[in-house]
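Hi,

Here is the structure I promised to pass on.

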Amino acid sequence: MDYKKAGVDIEAGYKSVELMKEHIRKTMRPEVLTNIGGFSGAFSMDAFKNMEKPTLVSGTDGVGTKLKLAFIMDKHDTVGIDCVAMCVNDIACAGGEPLFFLDYIACGKNVPEKIAEIVKGVADGCAQSNAALIGGETAEMPGFYPEDEYDLAGFAVGIVDEKDLITGKDLKPGDILIGMASSGVHSNGFSLVRKVFDMTKESLAVYYDALGSTLGEALLAPTKIYVKALKSVKDAGVRIRACSHITGGGFYENVPRMLKEGVCAVIEKDSYPIPPIFPMMAEQGKIDEKMMYNTYNMGLGMVLAVDAADVDKTMEAIKAAGEAPYVVGRVEEGEKGVKLC
């Protein structure tokens, strides 16, 4: 008896590391002091030594049951983007700059080529957010996961000068809410998605004119990463007063998290285009509107509040970063919460 006969292939693990190295290289930053394959990742503090009060911000998350679609479609090169996005978007909405990322892949069987595809997506997400992929772990766990399945999670660490933290404390009635378009469902609510649609390779391969893609392509579209757009707004000299990453819990859970007591957010539902996947899901699954807005991003992946005088400058900065912004509402005096009208 040996480890391989027990289900763990050490040689496959070595091959996975070699295959993923080419993807990891493109995420490197000058501050990275270690090579892939060591026991830890080291990152120099030189990048932020001139800040008045450098403050670390962090985020951790996984992809969730969206992975089930990747298994069915046998497409593994974009879920890594989702994993990075869920972590770095949280950091960015606090005003932070992501510095580095580490991933964790647990699988039933280590297939090096598949692991490399997953890490390619992680590296793509890191490149989009200018975060270095400085380490990770691939755990082969036979008997715990089916051979053709895996889980993917990660965490990121970022930096912000304390004076630049986005906390919502300066929000005031009259501030304007600007939303940034999502790419679709992103990485939340897939337990419900999988109840609405028939999850087979054949059904996910059906093309829909309304979607402009197959159902599988629309659902597997990777989560938008808003790091560069938020940095562009900051570089334009705009002070973002509050910011919310619209993830699990949709509008009703996430928008209030950026508010202080005594103000509410008013969002106009017809102020931006809703991607067709959402009405399609609502109709096919007979999901009422409130539940849709309480579960999904409904086309807005990030909402930020700025002074009314800064709206034009903010819109231009977001567009310059390649994202689509919309004026979607305003901040009013009232009980902390969100109103959709």
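A word on names before anything else: helices (H or I, at least four residues) and strands (E, at least two) are DSSP runs, numbered from the N terminus. This is a predicted model, where local features need pLDDT of at least 70 and side-chain atom pairs count only at pLDDT 80 or more, while totals for chains, interfaces and linings use all residues. Residues are numbered from 1 along each chain as its sequence is written, and side-chain values use heavy atoms, with hydrogens and water left out.

Let's start with helix H4, residues 112-129. Buried here means under 20% relative accessible area, exposed means over 50%, and partly exposed is in between (1.4 Å probe, protein chains only). Just after H4, Asn130 takes a positive phi of about 60°.

H4 also packs with H3: their axes come within 6 Å and cross at roughly 40°. Axes are lines fitted to C-alpha atoms, for helices over the stretch in contact, and angles run from 0 to 180 degrees between N-to-C directions. H3 and H4 are therefore oblique to each other; under 35 degrees counts as roughly parallel, over 145 as roughly antiparallel, 65 to 115 as roughly perpendicular, and the rest as oblique.

Now the sheet. It is open, has 6 strands in the order E8-E10-E5-E11-E9-E12, and its pairing is mixed. (Two strands pair if DSSP finds at least two bridges between them.) E8 and strand E12 (337-340) stand at the edges with a single partner strand each, so one side of each lacks a neighbour in the sheet. On average, neighbouring strands are turned by 25° against each other, direction ignored.

Strand E8 (residues 242-245) is covered on both faces, with Ala242 and Ser244 buried on one side and Cys243 and His245 buried on the other. E8 pairs with strand E10 (residues 300-306) in the antiparallel sense over 4 bridges, and Met302 in E10 is the bridge partner of His245. E10 also runs antiparallel to strand E5 (residues 176-181), joined to E5 by 6 bridges; there, Gly179 stands opposite Val303 in E10.

Last, charges. There are 25 salt bridges in the structure, each a side-chain nitrogen of Lys or Arg within 4 Å of a carboxyl oxygen of Asp or Glu. Here are a few to look up:

- Asp82 and Lys66 meet at 2.9 Å, N to O. Asp82 lies in helix H3 (residues 79-92) and Lys66 in the loop between strand E1 (54-62) and helix H2 (67-73), so the pair ties together parts 16 residues apart in sequence. Asp82 is at 0% relative accessibility and counts as buried; Lys66 is at 0% and counts as buried too.
- Asp307 and Arg241 have their closest N and O atoms 3.0 Å apart. The pair links distant parts of the chain, 66 residues apart, and both residues are buried.
- Glu289 and Lys269 meet at 2.7 Å, N to O. Glu289 is partly exposed at 48% relative accessible area, and Lys269 is partly exposed at 23%.

Finally, salt bridges with shared partners join Asp161, Lys163, Asp164 and Lys234 into one network.

Cheers
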